[in-house]
Amino acid sequence: MPNIREIRERIASIQQILKITNAMYLISSSKLKKARKALDSTEPYFYKLMETIGSVLEHTPHVRQMYFDRRTGIPDDKRKKGYIIITGDKGLCGSYNHNILKFADQQLKDQNLDNCYLFVMGQVGRMYFQRRMNSGKQAYVDGEFLYTTQNPTLYRAAEIAELVIEKFKNKELDEVYLLYTDMVNSNLQEPRTVRLLPFERRHLGRAADGTVKKLPKASFVPSPEKVMDYLIPNYAKGIIYGAMVEAFCCEQQSRMTAMDAATNSAKDMIRELSLLYNRARQAAITQEITEVCGGAQSIND
């Protein structure tokens, strides 16, 4: 059995860790509420933007837009694909980073890595893929989005959207996918893949029963193409921003769960060590009483 001093020092160290994990839990809870509030305040704008794009497509089904160009003439093994992967900048968040990195590896498993370009948000993911790239087992890592995941803003989302759209326009990329973690509920998080470019008309401008509405043609100034040139990049920015906030919420939720479990474990350890400390202290007191009584008996004899 360890002595009383060792047990006391261990209890003190666990109490310090308990304070840290509890503080991290509270910070993550506050960040989660703030991020959710920001997402809820911006979602109506992008939903309305989506309706507007659908309305343009309904009134002008003949419009040809480069953002819908699927480039069917290029075979699948020759297509240049870009993947925007959202991970965390820090650890101590359970299996959050592991799950999204494993999911990304599965998506890239059957791809021609020479034609794959990764746009990684999050220090954990960047370091992981750069190590894989240096060992010759991974695609090219492009873009430096430092600390973007810790402060998801529309400005950072616009930067990323403009970068991939420019590469798509210049035919440096034929497809762009967005990989992030979606919060189904507070207890369930799932990695998701969303194709960002090219857009598909079937996702926009359809009625509730899935059929395309037939409406008379409308006039757009200066032209439907110019209107779409303005709307679609903003819509892409909204998709990326929504994914960034959703991933940030998942990270904070995972960190809250991990820190709550760590706090409970620390409390259990303190409880067990306190019991052990009391036993050791009682044994020391009993031993001292025994020694005093033995000494007194020897004097009397």
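**Figure 1. The whole chain of the predicted model.** A residue is called buried when its relative accessible area is under 20%, exposed when it is over 50%, and partly exposed in between, with a 1.4 Å probe and protein chains only. Residues are numbered from 1 along each chain as its sequence is written, and side-chain values use heavy atoms, with hydrogens and water left out. The chain has 5 helices and 5 strands, where helices (H or I, at least four residues) and strands (E, at least two) are DSSP runs numbered from the N terminus. Along the sequence they follow the pattern α-β-α-β-α-β-α-β-β-α.

**Figure 2. Aromatic pairs.** Rings of Phe, Tyr and Trp (its six-membered ring) pair if their centres lie within 6.5 Å, and planes under 30 degrees apart count as stacked, over 60 as edge-to-face and the rest as tilted. The count by this rule is 3 aromatic pairs. Tyr 83 and Tyr 177 form a stacked pair, because their ring centres are 5.5 Å apart and their planes stand at 20°. This pair links distant parts of the chain, with Tyr 83 in strand S1 (residues 81-86) and Tyr 177 in strand S4 (residues 175-185), 94 residues apart. Both Tyr 83 and Tyr 177 are buried. The rings of Tyr 128 and Phe 129, with centres 5.1 Å apart and planes at 80°, are therefore edge-to-face, and Tyr 128 and Phe 129 are likewise buried.

**Figure 3. The surroundings of Phe 168.** Phe 168 lies in helix H4 (residues 154-169) and, at 1% relative accessibility, counts as buried. Arg 71 lies over the face of Phe 168, at 4.1 Å from the ring centre; for such a placement, NZ of Lys or CZ of Arg must be within 6 Å of the ring centre and within 35 degrees of the ring normal. Leaving aside neighbours within four places in sequence, Phe 168 is in contact (heavy atoms within 4.5 Å) with residues including Met 66, Tyr 67, Asp 69 and Arg 71. Phe 168 and Met 66 are 102 residues apart in sequence, and their C-alpha atoms are 9.1 Å apart in space.

**Figure 4. The surroundings of Lys 81.** Lys 81 lies in strand S1 and is buried, with a relative accessible area of 6%. Residues up to four places away in sequence are not counted here, and among the residues that Lys 81 touches are Asp 76, Gln 111, Glu 175 and Tyr 177.

**Figure 5. The largest pocket.** On a 1 Å grid over the protein atoms alone, a pocket is an open set of points where a 1.4 Å probe fits, with protein on both sides within 12 Å along at least five of seven lines, and lining residues have an atom within 4 Å of a point. The largest pocket holds about 660 Å³ of space, a volume being the space filled by probe spheres set on the points, which are joined across faces, edges and corners. Of its 23 lining residues, Tyr 180, Val 194, Tyr 235, Gly 238 and Ile 239 lie nearest the centre. The largest share of this lining, 7 residues, comes from H5.

How values were computed. Predicted model: local features only at pLDDT ≥ 70, side-chain atom pairs only at ≥ 80, totals over all residues.
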